[in-house]
Amino acid sequence: MCYRLFRERRSNVLELEAVSYRYPGSDREALRNVSLKFTPKSSTAIVGPNGAGKSTLVRLMNGLLRPSSGRVLLCGVDTAKKSVAELARRVGVVFQNPNHQIFAGSVREEVAFALKNFGFPEDEVGHRVSSALERLGLSRYAESSPFMLSSGEKKRLTIASVIAYEPDILVFDEPTVGQDHHNKAIIGGIVSEFVRSGKCVVSVTHDIDFALNYFERVVVLSEGVVRADLGVSEFGLDGSFMRDANLVPTEAMFLKELMRIVEFKGVYEPGALAEHIARRICG
């Protein structure tokens with residue numbers, strides 16, 4: 001109910017207020033003074049190098065970790081006042097390593113578990129399980145052990161398990177790892193579908209192309225600090241945040257920068273660009 005009210009007001013449904021986190025025994029903070037706001041009907045990609053604090057951020061969002069300082073608010077309520085089970089119904093998380101998430105005897109049972117746990121009617125459970133498995137291309141494995149799946153299939157299974165119960169906030173941690181172009185497009189379609197339905201989607205990713213194609217906002221995290229928070233159209237090779245955060249630009253970004261440097265104004269076509277560069281060099 002609270003999410004519906006916040007969606008109607010376009011208010012911040014998930015908010016981090018000056019959040020810092022230090023793992024026990026560590027001499028440095030994994031996150032430092034992070035403040036971020038997420039609204040309904042929005043998509044945010046969180047990018048950054050290894051060790052930036054991205055996965056720590058995910059665990060703070062669903063209450064698996066509690067801030068060392070600062071607050072995480074869900075619909076305006078401090079998550080410190082909620083149990084992990086209460087938060088899981090509203091904040092669905094697909095973790096980076098699917099082996100840490102799957103446990104059931106069959107693929108079908110894996111997807112059905114959360115639905116049954118959250119009290120969905122039995123007939124609706126069956127429908128939602130079948131629909132989620134079909135969406136992720138896993139229907140033929142329904143009666144198989146999830147541990148017999150490939151790593152990419154296991155990843156899609158964990159996605160199916162979460163989207164089946166349609167949480168208000170969907171959080172991915174590296175969803176495209178082990179996926180081919182076809183399956184990346186399916187996952188991207190899920191992002192778009194959730195946003196259209198008024199939900200909030202957040203994804204940690206190293207896949208810059210995926211971020212550019214399916215998200216409207218990009219947050220750059222490096223060394224536990226937010227280095228940039230901008231619209232996807234602003235996210236390009238020119239920004240100093242790309243260098244500061246040690247991000248590897250995509251081929252498309254390299255081409256865009258090359259075209260800017262050589263002042264190529266036309267529509268990209270390899271032969272035309274090569275001819276333009278040759279004329280500039282040779283006169």
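Tutor: We will talk through a helix, a loop residue, some strands and a pocket.

Tutor: This is a predicted model, in which local features need pLDDT of at least 70 and side-chain atom pairs count only at pLDDT 80 or more, while totals for chains, interfaces and linings use all residues. Residues are numbered from 1 along each chain as its sequence is written, and side-chain values use heavy atoms, with hydrogens and water left out.

Student: Okay, which residues of helix α4 are buried?

Tutor: In α4, which spans residues 107-117, the buried ones are V107, E110, V111, A112, A114 and L115. Buried means under 20% relative accessible area, with a 1.4 Å probe and protein chains only. Helices are DSSP runs of H or I with at least four residues, strands are runs of E with at least two, and both are numbered from the N terminus.

Student: And what covers those buried residues of α4?

Tutor: The cover includes α5 (122-135) and α6 (151-163). The loop between α5 and α6 holds A142.

Student: Is A142 buried or exposed?

Tutor: A142 is buried, because its relative accessible area is 5%. Leaving aside neighbours within four places in sequence, A142 is in contact (heavy atoms within 4.5 Å) with S106, V107, R108 and L133.

Student: How far apart are A142 and V111?

Tutor: They are 31 residues apart in sequence, and their C-alpha atoms lie 9.4 Å apart in space.

Student: Switching to strands, how do β1 and β4 pair?

Tutor: Strand β1 (residues 14-21) and strand β4 (residues 69-74) pair in the antiparallel sense over five bridges, and pairing requires that DSSP finds at least two bridges between the strands.

Student: What about β4 and β5?

Tutor: Those two run antiparallel and are joined by two bridges, with L73 partnered by D78 in β5. They form a hairpin with two residues between them, and C75 in the turn has a positive phi of about 50 degrees.

Student: Last one: which element gives the largest share of the lining of the largest pocket?

Tutor: That is α4, with four residues. A pocket is an open set of points on a 1 Å grid over the protein atoms alone, where a 1.4 Å probe fits and protein lies on both sides within 12 Å along at least five of seven lines, and lining residues have an atom within 4 Å of a point. This pocket is lined by 21 residues, and those nearest its centre are A88, V93, Q101, A114 and Y165.

Note on methods: Buried < 20%, exposed > 50% of the residue type's maximum accessible area, 1.4 Å probe, protein only.
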